[in-house]
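Biologist: I would like to learn how to read a core and a sheet in a model like this one. Please take them in turn.

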Amino acid sequence: MKTAVVTCALGALTWTCTAGLMTSDAAAGVAPDELFGLDALSGNIVVIENPSGQSGVVAPSRIIQTGLGQLSDNGSNVELAGGGGRLFVADRRDVSVFDASSGALQGTFVMATGTRGLAAGNVDGMGMTLFNWTNRDELELLDPATGTLRQTFSIAGVNVPTGAAFDPATGEVIVGSLGGAGEIIRIDPVTGQITSRVSAMNRDYSGGLAWANGNLYGVQPFGSSRDTFQRIAPDGTFQEAFELSGAFEIAGIAALPTPGSITLAAATGTLLLRRRR
């Protein structure tokens, strides 16, 4: 059980308290995460409910119409990230921000550099942060509202990057690499240091990476007819797969929690809070 500092309230009275956070969706009675895929052909975002329970050929549960149209380049310069209830679509340097529930456009900004991988998550001392793995072997930490650069790390040894994800349990950024037999590389976004690297078992995850339901997911693109989503173990081995039906070109994936309830066990009692994306 993790601990978290939360704001407790009783009527008009508020105070800060420390609580234990139940991280298991099943234990907390929370719906599983949703997986989002960015279609480079239309610019729309396909949604897959409960990816860990899927198999075979799966149809999207819904499609978010972004109005962006066909994106500039499938894969290497187009990415998707999710955090704070928002979805970030990066087309080269241009970023469009959408509400994950309504699909409404919330804003746009331009990054200083292009993208080879995009992720979002909370960093100690910074809060919600957008992570951009650039086309110059750098990890940029950006303000997710404005795109303002907060920090840049030059990181050698990531050969042909293929998407990025954020692991909220460890606070690490995960980057895929096609170098050699392929690798999955973890980076501490506070220090910019590589913390681990494991073989990706000769699998191409250039369709993107995302962290959902405590697992890493990668996409292997197979042309415009179908894309294969794969669940990946911490050691890089394949666990399960399902295919997305329809004529999509998935160029990036992201995950967000489905709105639900979590239980916080505080020293003064048990609080039931509504979890937002």
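Biologist: Which residues touch the most other members of the largest nonpolar core?

Modeller: This is a predicted model. A nonpolar core is a set of buried nonpolar residues joined through side-chain atoms within 4.5 Å. Here the largest such core has 16 residues, and those touching the most other members are Phe36, Leu38, Ile45, Ile64, Leu80, Leu87 and Val89.

Biologist: Which elements give two or more residues to this core?

Modeller: They are strands E3 (34-39), E4 (45-49), E7 (78-83), E8 (86-91) and E23 (250-256). The most comes from E23, with three residues.

Biologist: With which residues is Leu80 in contact, leaving aside its neighbours within four places in sequence?

Modeller: Among them are Phe36, Leu38, Ile45, Leu87 and Val89. Leu80 also contacts Leu118, as well as Gly252, Ile253 and Ala254.

Biologist: Now the sheet. What is the order of the strands in the open sheet of four?

Modeller: Strands of a sheet pair through backbone hydrogen bonds, either parallel or antiparallel. In this open sheet the order is E11-E12-E13-E14, and the pairing is antiparallel.

Biologist: Why is one side of E11 and of E14 left without a neighbour in the sheet?

Modeller: E11 (117-123) and E14 (149-154) are at the edges and have a single partner strand each, so one side of each lacks a neighbour there.

Biologist: How many bridges join E11 to E12?

Modeller: Seven bridges join this antiparallel pair. The hairpin of E11 and E12 has three residues between the strands, and in it Gly125 takes a positive phi near 85 degrees.

Biologist: And how many bridges join E12 to E13?

Modeller: E12 (residues 127-133) and E13 (residues 138-142) run antiparallel and are joined by four bridges. Leu130 stands opposite Leu142 in E13, and Asn132 has Glu140 as its bridge partner in E13. Four residues lie between the strands of this hairpin, where Asp137 takes a positive phi near 60 degrees.

Biologist: Why is E12 described as largely enclosed by the rest of the structure?

Modeller: Five of its seven residues are buried, so E12 is largely enclosed.

How values were computed:
Residues numbered from 1 in each chain as written. Predicted model: local features only at pLDDT ≥ 70, side-chain atom pairs only at ≥ 80, totals over all residues. Heavy atoms only, no water. Pairing = 2+ DSSP bridges. Buried < 20%, exposed > 50% of the residue type's maximum accessible area, 1.4 Å probe, protein only. Contact = heavy atoms within 4.5 Å.
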